[in-house]
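Here are my notes on this one, as numbered points. Have a look at the sequence and the fold before reading on.

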Amino acid sequence: MTNTSKTYVQYLWDRRRSNGIDRDLVALLHSVATACKAVSNSLKSGALADILGSLETENVQGETQKKLDVIANDIFLRRCEYSGVLAAMVSEELEEVYAIPDEFPRGPYVLLFDPLDGSSNIDVNVSVGSIFSVYKLDELPTEMTYDAILRSGAEQVAAGYALYGPATMLVLSTGKGVDGFTLDASIGEFRHTHANIQVPPEAAEFAINMSRRRFWDDGIATYIDECISGETGPRKRDYNMRWVASMVAEVHRIMLRGGVFLYPVDSRNRADGGKLRLLYEANPMAMLIEQAGGAAITETGRILDVVPVSPHQRVGVMLGSKNEVEYLAAKLPENSA
Ligand code: AHM
Ligand code: MG
């Protein structure tokens, strides 16, 4: 069957006309998609290309880097630095801000990304993804410090992820809804396959790492216990559970069929602020989920309202179907206050 749906680039030009996104943002989002296609291609070779396994290095979070983390990070930097529209990039894999080198023209945009999320899944051939977030600065800072470029999630002008699953997909928001694209290998382009994605407001499916139960705060434990008690409990319906350990895969499932994803602050990760990173994991996913009609919170309020204080800071993340997230929020002392 021939797919005649629009290509991603055609979609972006349509957005330029209807949604007013500027030419520079079109160029940047095109570069990001090219990076995602290159990452997808690298992942396909797996053990054949000797790119599985770990390196002896650690990233800024103190986590052992996989070979593919480094390869994917390099792909994002190389594909996007020449775009001419970026002032800087921030990556999970880089300690410092990556200021665009002098040899390239600069522009007002900042790109933040996790080049390969869910990397514990790489060696076992389970879905992984890339996550990205875009801001526009009022003016080019003379010095590219974190202070100059850190913004709260509400100021994002675009966010998205690529999911490297059975098919490679790209899901994007430029602030007016959410659209999904599937990589058409026959032409090497993403095609617009999912228009105006909406997260169902009701759902009976949760995703959480249950092995951490003994570390949870009371509100989280009560919520999950209620779900597990099913039909006979206060929720009066049976719940299903999923845990891929790949946030992109979990969020994508929620985008298409609803549910909630939780990686809360708990007694084991509280000193770090949580597990997931605000700027290039929580914020872009929160923008996408909200733009699709869902909700995304930390223990104290909306993720998009958190004011960042450092580039790699972590937060508790709870997101998904609106009614379910609101029910959960009411059980969290600082959220319901
Ligand atoms: P990563 O950026 O090091 O891959 O970590 C983020 C991932 C998420 O994709 C996933 O939700 C979570 O870590 C899984 O954590 P756990 O190993 O505790 O199940
Ligand atoms: Mg990650």
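1. Contact here means heavy atoms within 4.5 Å. This is a predicted model, where local features need pLDDT of at least 70, side-chain atom pairs count only at pLDDT 80 or more, and totals for chains, interfaces and linings use all residues. Residues are numbered from 1 along each chain as its sequence is written, chains are lettered from A and ligands numbered from 1 in the order in which they are written, and side-chain values use heavy atoms, with hydrogens and water left out.

2. Take G107. Setting aside neighbours within four places in sequence, G107 touches G84, V85, L86, A87 and L140. G107 is buried, at 5% relative accessible area (buried is under 20%, with a 1.4 Å probe and protein chains only).

3. Where does G107 lie? In the loop between strand 4 (98-99) and strand 5 (109-117); strands are DSSP runs of E, at least two residues, and helices are runs of H or I, at least four, both numbered from the N terminus. K136 is 29 residues from G107 in sequence, and their C-alpha atoms are 9.1 Å apart.

4. Now the sheet: five strands, open, in the order 12-11-13-17-15 with mixed pairing (two strands pair if DSSP finds at least two bridges between them). Strand 12 (240-241) and strand 15 (295-297) form the edges, each pairing on one side only.

5. Strand 15 and strand 17 (residues 317-320) run antiparallel, joined by three bridges. I297 has M318 of strand 17 as its bridge partner.

6. Helix 7 (residues 278-291) lies across strands 15 and 17, at about 25 degrees to strand 17. Axes are lines fitted to C-alpha atoms, for helices over the stretch in contact, with angles from 0 to 180 degrees between N-to-C directions.

Technical notes: Buried < 20%, exposed > 50% of the residue type's maximum accessible area, 1.4 Å probe, protein only.
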